[in-house]
Amino acid sequence: MREISTQAIIDAVKEASISANYELGEDVVRAFEEGIEKEESPVGKDILNQLIENSLIARNQRIPMCQDTGLGVIFVEIGQEVSIVGGDFRSALEEGIRQGYKDGFLRKSVCHPFTRKNTGDNTPIIIHFDIVPGDKLKIWVVPKGGGSENMSQLFMLPPSAGWPGIRQRVVQTVAQAGPNPCPPTIIGVGIGGNFEQSAILAKKALLRPLGSPNPDPELGKMEEELLTEINNTGIGPQGLGGRITSLAVHIRMMPCHIASLPVAVNINCHASRHLELVL
Amino acid sequence: MNQVINLKTPLTDKDVEPLRAGDRVTITGIVYTARDAAHRRLIDLVEAGKELPFKVEGQVIYYVGPSPAPPGRVIGAAGPTTSYRMDPYAPRLMELGLKGMIGKGKRSDEVKEAIKKYRAVYMAAIGGAGALMSRAIKSARIIAYEDLGPEAIRELEVENLPAIVVNDTVGNDLYIEGTEKYKKK
Ligand code: SF4
């Protein structure tokens with residue numbers, strides 16, 4: 001067994017939550033640059049330029065790129081030969097987020113559903129655990145803003161709907177969202193599994209860096225098709241009209257029940273915060 | 001692209017009426033921050049016939065819940081939040097004289113009607129550009145509802161806060177018109 005201390009986990013998650021919010025990924029900045037080339041609307045071009053500037057200010061002045069620093073979301077892949085020592089694993093992940101949000105001056109955005117009373121430290125967080133072979137611990141820190149999460153949708157389609165049905169729902173979800181999720185967006189699509197699994201697939205699809213190909217070339221073609229159709233809606237940067245509504249569409253798929261065709265669409269804003277840690 | 005129009009708060013009908021969807025503006029002066037929780041409290045006060053924490057007439061409300069100010073800064077990141085959550089409350093405030101709203105995202109038909117009726121304007125700031133927007137904020141002070149944390153009402157002194165007019169007094173809507181213009185069949 002390989003031992004990993006909870007303190008190492010707390011420190012790593014803390015740092016990651018801060019960096020994820022201050023430093024926009026190079027992949028997203030590159031997508032903005034490519035977007036500027038393709039954008040036909042002058043206002044749209046201007047917005048994409050300002051988003052690049054925003055990311056530079058955030059990085060250099062060490063402040064969050066967006067004030068909505070998100071709900072803490074963590075994906076974990078723990079090797080079955082890893083043993084966590086010095087406390088409990090779940091609490092360590094949560095403590096990392098708590099410390100990061102406090103010391104990094106990140107916004108605390110978690111509240112009681114009815115009273116709306118803020119919990120004050122951005123916890124609890126959402127954790128997805130997975131056990132895999134090996135002795136590594138992989139943690140993805142992916143804080144997610146409310147504006148884009150609110151525009152996400154899930155459909156339990158009849159199997160007869162097929163690809164045309166899926167395509168229609170994905171494009172419709174993006175079209176209905178319009179300016180609300182801060183376009184240019186990144187669209188995560190989860191196909192198959194069941195009700196909750198499709199949503200998790202959609203969110204996991206967002207972990208893939210922009211510009212990297214889908215490991216399945218068939219899905220890659222579908223992603224292209226969806227992106228073209230989405231960008232034909234004319235919504236554009238910030239919904240003010242233009243070509244670049246979304247920077248990318250990412251699909252993840254798995255088999256499902258013979259009676260179902262679950263499809264989840266998780267919209268992510270351009271402030272796409274994702275950091276991968278390997279301990 | 002057309003000229004940038006400089007607006008100084010508080011605003012009057014004269015400032016607001018010539019504005020058209022698509023105009024780029026910068027805002028200088030005092031603006032107040034409020035999100036839905038604060039709006040709910042404001043409307044409760046109005047309904048109870050009590051005085052509001054600030055005089056609404058001629059003012060501009062910026063829909064934002066900033067991140068905490070690190071040492072040496074007046075505010076953290078401060079970009080707009082999604083405006084539809086304020087739709088149930090906005091018409092009543094315009095009736096009381098509110099002249100401007102800054103946020104992001106579509107407004108309801110009721111809000112667009114109220115904008116025409118009470119001569120107001122809805123402007124969009126760049127969603128997600130919180131670090132960039134914070135540069136325009138020169139001071140920030142909580143004036144009500146400190147218990148709401150990021151959702152407290154703040155008085156912000158802003159200089160050249162950039163925005164784009166979306167809904168104007170003659171019923172234009174840039175979200176609809178802009179999208180139509182670039183739609184490919
Ligand atoms: S949708 Fe994303 S970019 Fe827009 S305000 Fe929310 S977190 Fe920020």
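Reader: How much area is buried between domain 1 and domain 2 of chain A?
Author: About 610 Å², and carbon and sulfur atoms give 75% of that. Buried area is the accessible area (1.4 Å probe) that two parts lose on being put together, summed over both.

Reader: What should I know about the model before going on?
Author: The model is predicted: local features need pLDDT of at least 70, side-chain atom pairs count only at pLDDT 80 or more, and totals for chains, interfaces and linings use all residues. Residues are numbered from 1 along each chain as its sequence is written, chains are lettered from A and ligands numbered from 1 in the order written, and side-chain values use heavy atoms, without hydrogens and water.

Reader: Where do the domains of chain A run?
Author: Domain 1 covers 2–20 + 65–143, and domain 2 covers 146–271. The bounds come from an automatic or database domain assignment.

Reader: How many residues does each domain give to the contact?
Author: Domain 1 of chain A gives 9 and domain 2 of chain A gives 7. Contact means heavy atoms within 4.5 Å.

Reader: And what separates their centres?
Author: 26 Å, taken over C-alpha atoms.

Reader: How many salt bridges and polar contacts cross between those domains?
Author: The rule finds 0 salt bridges there. It finds 1 residue pair in polar contact, both at pLDDT 80 or more. A salt bridge is a side-chain nitrogen of Lys or Arg within 4 Å of a carboxyl oxygen of Asp or Glu. A polar contact is a pair of N or O atoms within 3.5 Å; within protein, one must be able to donate a hydrogen and the other to accept it, and residues adjacent in sequence count only if both atoms are side-chain atoms.

Reader: Which strands supply the domain 1 side?
Author: Strand E2 (73–79) and strand E4 (126–132) of chain A each supply at least two residues. Strands (E, at least two residues) and helices (H or I, at least four) are DSSP runs, numbered from the N terminus.

Reader: Now the ligand. Where does it lie?
Author: Between chains A and B.

Reader: On to the chains. How much area is buried between A and B?
Author: About 3,500 Å², with carbon and sulfur atoms giving 60%. In chain A, A:Gln67, A:Phe105 and A:Leu240 lose the most area to chain B, together 19% of what that side buries.

Reader: How many residues are in contact there?
Author: 44 of chain A with 40 of chain B.

Reader: How many salt bridges cross that interface?
Author: The rule finds 2. One of them pairs A:Glu53 with B:Arg135, the closest N and O atoms being 2.9 Å apart.

Reader: Which helix gives the most to chain A's side?
Author: H3(A), with 11 residues.

Notes:
A residue is near a molecule or strand if one of its heavy atoms lies within 4 Å of it.
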